[in-house]
Amino acid sequence: MKILVVSDSHRRDDNLLAVIRRTGPLDMLIHCGDVEGSEHIISKAAGCPVTMVQGNNDFFSNLPKEQEIMIGRYKVWVTHGHHYYIAMNTETIKQEARSREADIVMCGHSHKPLIDIGNDLTLINPGSISYPRQENRKPSYIIMELDREGEAHYTLNYF
């Protein structure tokens, strides 16, 4: 199973659409918020099931604020992260994820990619596909793959 995880496209969809073409076919696309009205464009281009949540810039959006989904045997909590101070630290969001009994939390907001694999919880932030803030300033995304045994593997990629 191949899952594209992105965030913070901010209606600047060219990079995201190119990544979908490069990485496809996909089994799922997860967008961690700040879509800014591009829901239909992204859903149509993905060609697979799509999970999207609201970000702090998704004003008047009908997207859910957060979602809990199952990917294989993993309980995944998808949130933008701004309500959990993700731009400052990861402890608040990790505490909330554990209280929800999530195996994986996926978030955005900071525009900085992160893959943090712990004993009981994995936190992934794909960074921003459009407006990166990390040192190399390259748009980023994560590919999550489930192998034949159902184990999750994550690859951070730059556009």
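## A charge over a ring

Let's start with a pairing of a charged side chain and an aromatic one. Arg12 lies over the face of Tyr131, 5.2 Å from the centre of the ring. Please keep in mind as you look around that this is a predicted model.

## Two rings that meet

A pair of aromatic rings is described by the distance of the centres and the angle of the planes. The structure holds one such aromatic pair, formed by Trp77 and Tyr84. Their centres are 5.1 Å apart and their planes stand at 80° to each other, an edge-to-face arrangement.

Next, find helix α3, which spans residues 91–99. Within this helix, Ile93, Lys94 and Ala97 are buried. Viewed down the axis of α3, the buried residues fall within an arc of 100°, so they line one face of the helix. Gln95 and Ser99, on the other side of α3, are exposed.

What covers the buried residues of α3? The cover includes four strands: β5 (74–79), β6 (104–106), β7 (113–117) and β8 (122–126).

Follow the chain onward and you come to Glu101, which follows α3. The phi of Glu101 is positive, near 60°.

Key
Residues numbered from 1 in each chain as written. Predicted model: local features only at pLDDT ≥ 70, side-chain atom pairs only at ≥ 80, totals over all residues. Heavy atoms only, no water. Phe/Tyr/Trp six-rings, centres within 6.5 Å; stacked < 30°, edge-to-face > 60°. Lys NZ or Arg CZ within 6 Å of the ring centre and 35° of its normal. Buried < 20%, exposed > 50% of the residue type's maximum accessible area, 1.4 Å probe, protein only. Helix = DSSP H or I, 4+ residues; strand = E, 2+ residues; numbered from the N terminus. Arc of directions from axis to C-beta. Contact = heavy atoms within 4.5 Å.
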